[in-house]
Amino acid sequence: DAAALVQMLFSLGEMVTATESVNDETFELLGEELNYNVQVVSPEDEDRELLESFDLEFGSDEGAEADLAARPPVVTVMGHVDHGKTKLLDALRSANVAGKEAGGITQHIGAYQVSTDVDGEDRRITFIDTPGHEAFTAMRARGAQATDIAVLVVAADDGVMPQTVEALNHAKAAGVPIVVAVNKIDKPDSDPTKVRGQLTEYGLVPEEYGGDTMFVDVSAKSELNLDKLLEAIVLTADASLDLRANPEQDAQGLVVEAHLDRGRGPVATILVQRGTLRVGESIVAGPAYGRVRAMLDEHGESVEAADPSRPVMVLGLTAVPGAGQNFIVVADDRMARQIAEKRESRERAAMQAKRRVRRTLEDFMASMEKGESQELNLILKGDVSGSVEALEDSLAKIDVGDEVTLRVIDRGVGAITETNVDLAAASDAIIIGFNVRPQGKATEMADKEGVEIRYYSVIYQAIEEIEAALKGMLKPEY
Ligand code: GDP
């Protein structure tokens, strides 16, 4: 009975009460003691087993060393808001297109490839076309890593800002090398030297100071030094990464972005990570499947075969997969459908389970009272930067004692977006909206992911409620 289990756990050094939930390790420990083989299976493990049952494996190249060929680096652009991430991505894309075919129109498909000449060699680079570390984090939350190199954009007139530090921490945590683009050097008040000094303090020491990080002064607006930035990316990849993949095997990779197109049905931009994807092949992408009807590149031109690191828009899927989900080529449609259906039913079950453990402020209070969670993560969104700052300042002033940590993991101006919800889901955070509304499918997604969004229009009301929850969360002292 329960009392005996509590007794047993106590003897194993775990202090729990009969009604408390225990963590996975404790559960496994208990199983061992009772001679049961208890294994807590993660969704990733479950999916690995599912693929294994079809003799498939996602994630590593097939074949021998000799089968591997060099592949282009995949780059994500990160940095503080307004420092020029979007402008830089646009500039890199259009400058390159102009070089190729004049007048070509590029479309935003979520990623694009450019080529550049380095030491007389034509080298390609793939850019993920969603700026910011939210996309990066969302992918990582799904256990996927698309990025090989991070370009950290810092505006030379503004210098290192909170999100600059956040972005570099994300890249460091993922073990991704950083190239710094010191942007807006066309501005008279720009101070690129200061940026170098500031980043040195965060461990990013410029090569010219004896460190190993490449800094390139650029202007996204005047399209200055973009070729130098591309070269720095290639050189950084060559110096610290061994980017190779087997182009001959069945293709595998990640979904970068997907949506439902009115005329074309589900459309997904995928990044091939290994193998070569061809029109006509059967693929399964997350819970979606289908035969590749057509592939299009960022110029809207059709592609017959996509090799490693190549992003392409795929038509022919039955449903819209999620960003960060993997795709894999399988033998035939039947196998693709079977895998997709299994995943679909698992996702549904997981969603229902998640609904039951919604992360609401009340839940935090309840779990705090039980002594479980000690950390409240918040994402703040406001109509103007002043209100976000005021909110954050007041939150910082709440006296919560030593036992509870209040962390603002992200903040920003504007509507609550799907990326905000994604980050909240990945980090168990609650979203506070001040005078803002959700945008697009943010509400729907929050419901699905069990993320609480609380709306306020008066600052003290927001503070009062969060403070109450935090106070309620404090463990009773004896
Ligand atoms: P993001 O929030 O980091 O994506 O920043 P944006 O790309 O939207 O740029 C923010 C603002 O800075 C916009 O008004 C851009 O036109 C401007 N901007 C971006 N790059 C440059 C640059 O190199 N020079 C100047 N003068 N302005 C720039």
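This is a predicted model: local features need pLDDT of at least 70, side-chain atom pairs count only at pLDDT 80 or more; totals for chains, interfaces and linings use all residues.

A: Happy to! Two strands count as paired if DSSP finds at least two bridges between them. The open sheet is made of four strands, running E18-E17-E19-E20, with parallel pairing. At its edges lie E18 (405-413) and E20 (453-456), each of which pairs on one side only. Direction ignored, neighbouring strands in this sheet are turned by 25 degrees against each other on average.

Now zoom in on one pair. E19, residues 429-434, joins E20 in the parallel sense over four bridges. Here you can find Gly 433 opposite Tyr 455 in E20. A helix also packs on the sheet: H11 (residues 385-397) touches E17 (375-382), E18 and E19. The direction of H11 makes about 160 degrees with that of E17.

For the surroundings, let's turn to another helix. In H7 (residues 192-200), the buried residues include Pro 192, Val 195, Arg 196 and Leu 199. Because these four cover an arc of only 100 degrees around the axis, they sit on the same side of H7. Among the elements covering the buried residues of H7 are strand E5 (149-155), helix H6 (162-173), strand E6 (178-183) and strand E7 (215-217).

Finally, the largest nonpolar core has 28 residues, and those touching the most other members are Leu 88, Ile 125, Phe 127, Val 151, Leu 229 and Ile 233. Helix H8 (226-240) is one of the elements supplying at least two residues of this core, and its seven residues are the largest share.

Note on methods. Residues are numbered from 1 along each chain as its sequence is written. Side-chain values use heavy atoms; hydrogens and water are left out. Buried means under 20% relative accessible area, exposed over 50%, partly exposed in between (1.4 Å probe, protein chains only). The arc is that of the directions from the helix axis to the C-beta atoms. Contact means heavy atoms within 4.5 Å. Axes are lines fitted to C-alpha atoms, for helices over the stretch in contact, and angles run from 0 to 180 degrees between N-to-C directions. A nonpolar core is a set of buried Ala, Val, Leu, Ile, Met, Phe, Trp, Tyr and Cys residues joined through side-chain atoms within 4.5 Å.
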